[in-house]
Structure formats: C-alpha cells, structure tokens
Amino acid sequence: MKTYPFLNLALSNAPYLDELQQAACGVIASGHYLKGEQTRLLEQEIARLCETEHCVAVSNGLDALRLILRAYKELGLLHDGDKVIVPANTYIATILAISDNNLQPCLCEPSELTMNLDSNRLEDLITPDVKAVMPVHLYGSPCWDKTLVDVAKKHNLLIIEDNAQAIGARSSCDGLWDTRATGGLGHAGALSFYPTKNLGALGDAGAVVTNDKSLADAVRAIANYGSDRRYHNIYKGLNCRIDEIQAAMLRVKLRHLNQENCHRAEIAAIYDRYIQNPLIKKPQIFHDERQVWHQYVIRTPEREALTEYLTRNGIGWDIHYATPPHMQPCYLRFAADELTVTASLSHEVISLPIAHPSDSDAMEIASIISKFKC
C-alpha cells in the first residue's frame, strides 16, 4: 500500500543537503560559533523579508516572545500583572511567554471561519489593565484586520505578533508601518525556526523583528546576559542567543522559502478543490491575502473515525491542537472559562500532509478522504 507521510524532516532537507553541508563546514572552519557573520547576515535577510528595520536572531520562538515582553517591561511599557489578550486556541508557547513575565493571559475566542483570534470580540475584553494584544497567525494564515488595529489604537495597546507559523505570509490590509508582511505588521513580531516550520532550522532557533530600535536593542542585550557591551550588564539578562551554525542553515533554506510556500499553496488548492465530503469542513482560502499553509487543517465531528480511516489508508495526520492551553494541568485556573469555539475546534481539527505530497499524491489523498463514511 502506498503511504503518504505527514512530515519527514530528512525528506524535507534532502533537496538542500549539499548546500547545508557546505554551509556547516564553512562555520566549522571559521572558528566563530556565536555572534558571527552568519547571524549578522541572517538578521539582515529576515528583516528584509518581514519588511522591518530590525531583527534579532535568538534561541527559539518561545524565547523570542519572552524577550519581547521582558524588553517592554524593562522599557516601562508593560508592568507586572498587566493583561495581554491572546487567542485561546494557540499553541501553549504563546501563553507561557506571557505568564513567564508575570503578565496575565486574557483568553479570546477564535473565529469559526479563520480559526484565528476573533477581532470582533476584542472590545468586550478591554479593561484598564489590558495593555497588549498578541495575534497569532495560526497555521500560516494572517491574523490581521482593521478591527484589530482600530481597537488597539483606541486603547493604546501594544500589538505583538506570534508569527511562529507564518513567515512569508502577507495580510490583506496594511500594518502599522506601511507593510503587509506578517511579523512587520505590529509593534514587534516573534518568529520560530523549529525544524517543522516552513523555514526550519536543524535544531532550535527563532527571531524578533521590529521597527522600534529601543526594543531591538533591549532584546539583544537581554538575550546576551543583559549586556550592551562586553562585561557591562544593564539588565539581569538571559542566554538566548542563536548558534552560528543554525544561522547558516537558515540562510540556505531561506533562499528556497518562496518555493516551499508556493508548493504548500498548490497542495492546499488541490485539497480545497477535490476534497468533497459533507462530513469534512475545509479551511477557508482567503484570496486577498497570502497564506503560507504551515498546516492544512480540516474539521470533522467524526475525528476518531476519520483518523482511523486515514491510518488504514496510509495517510499521515496530526492534531494541532487536541488540548488548548487553558485545559492543560499548568493552567487549570482558566478551565472554568466559557470558551465554546475553542473547545469545538480542539475536538474536531485534523492536520493533513502539506509539506511532501506531489500534486498527484494530493489528489489521491483528497480522493480517499472524499470516500470516507462514518
């Protein structure tokens, strides 16, 4: 029986193997393994892609979010106990970054249509201690609209993008800085280069992007033991630096990012056209913006039966995410919240293969799914 893997990282990196090996050998031979030329060039290239003035490459996506919030506290724009509005159906890292900085997550229901934060619910969540909103571009689809911007401006909120899943995506409307590139839309953006991402390192890595020099300088210092120069520590800092070898790997793969994102868009279009099953709800394709399809997520009330059917037919799958953050043991103080849309999504979502299928594979997968019966 033919099989369709959900994700195989060796297969993902195989087309770039020679380039990756050459880049790795170059770093090894250079003798510079931290804070070197590869990091400097990667920061320039990521800033250019996100259309921001500044980029600080860091250790991972969670640290990118943590560092942004910590830097805003050091700059006096956030304080202990302040609230940050965040979608309730995000990956737990988004929430961890908030609570780790002694801030309070304020959970917002997602939209049924987009599965992103529902900006129409924002106004109802505003209280005097809400100081920021953290839109998450979930599954590679931009979470940005005029309502979000208007509410943020009205209440003087910081907008911090969790762009972990959407590098290269573009919004249908302008951001705060005359760009539509995700990451560059708000006051600051966090990126993850976890190996499974569209732009994935060969280990952990992340980045902070912003047009605010003061924020970028604070993030860079905090990430390097709090030092603005050698042996001079202006903050009680952390060690959240990127490795030179990961920066080199990412620079290789960044050259192929547009090709990767275009391939995923082609597979998503095939799924959208050929999956025809009343038990399946397909994700919305928004033709006025660029989605980069980190995941292609369908919904069904018959998830257990469908996943068993997919497995029997050799189709890989995953669930993003089966348990929302507020239902995790570490956050059970939120469990009493009425988050019915979030609960519904967590019981119904299934991610299909998006990275590897050829066009013909995608049509075969679509045909198999269309024949599913409960």
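Select helices α3 and α9: their crossing is left-handed. (A crossing is left-handed if the near helix is turned anticlockwise from the far one by less than a right angle, and right-handed if clockwise.) This is a predicted model, in which local features need pLDDT of at least 70, side-chain atom pairs count only at pLDDT 80 or more, and totals for chains, interfaces and linings use all residues. Residues are numbered from 1 along each chain as its sequence is written, and side-chain values use heavy atoms, with hydrogens and water left out.

**Stop 1: α3 against α9**

Helix α3 covers residues 37-50. Helices (H or I, at least four residues) and strands (E, at least two) are DSSP runs, numbered from the N terminus. Two packed helices are described by the angle between their axes and the distance between the axes. For α3 and α9 the angle is about 40°, and the axes lie 8 Å apart. That makes α3 oblique to α9. Axes are lines fitted to C-alpha atoms, for helices over the stretch in contact, and angles run from 0 to 180 degrees between N-to-C directions. Under 35 degrees counts as roughly parallel, over 145 as roughly antiparallel, 65 to 115 as roughly perpendicular and the rest as oblique.

Now show the side chains. On α3, pick residues including Leu-41, Leu-42, Ile-46 and Leu-49. On α9, the residues they meet include Ala-247, Ala-248, Leu-250 and Leu-254. Contact means heavy atoms within 4.5 Å. Colour the contact by class: it has 8 nonpolar, 2 polar and 4 charged residues. Ala, Val, Leu, Ile, Met, Phe, Trp, Tyr, Cys and Pro count as nonpolar, Asp, Glu, Lys and Arg as charged, and the others, Gly among them, as polar.

**Stop 2: α2 against α9**

The α2 side of the contact is made by Glu-19, Leu-20, Ala-23, Ala-24 and Val-27. Facing them on α9 are Glu-244, Ile-245, Ala-248, Met-249, Val-252 and Lys-253. By class, this contact has 8 nonpolar, no polar and 3 charged residues.

**Stop 3**

Select α5 and look for its buried residues: Ile-92, Ala-93, Thr-94, Ile-95, Ala-97 and Ile-98. Buried means under 20% relative accessible area, exposed over 50%, partly exposed in between (1.4 Å probe, protein chains only). Their cover includes α4 (61-74), β2, β3 and β5 (158-162). Just after α5, Asn-102 takes a positive phi of about 60°.

Step back to Thr-90, in the loop between β2 (83-87) and α5 (92-100). Is Thr-90 buried or exposed? Thr-90 is buried, at a relative accessible area of 3%. Its side chain makes a polar contact with the side chain of Thr-94, at 2.7 Å. (A polar contact is a pair of N or O atoms within 3.5 Å; within protein, one must be able to donate a hydrogen and the other to accept it, and residues adjacent in sequence count only if both atoms are side-chain atoms.) Leaving out residues up to four places away in sequence, Thr-90 touches Ile-95, Val-136, Asp-162, Tyr-321 and Pro-325.

**Stop 4: the loop between α11 and α12**

Go to Tyr-321, in the loop between α11 and α12. The peptide bond from His-320 to Tyr-321 is cis, with omega near 15°. Pro-324 is also placed in the loop between α11 (303-312) and α12 (340-348). Pro-324 counts as buried, at 8% relative accessibility.

**Stop 5: positive phi values**

Select Met-115, in the loop between β3 and α6. Met-115 is not a glycine, yet its phi is positive, at about 65°. Met-115 counts as buried, at 7% relative accessibility.

Finish at Asn-156, in the loop between α7 (146-154) and β5. Its phi is near 55°, a positive value in a residue other than glycine. Asn-156 is exposed, with a relative accessible area of 68%.
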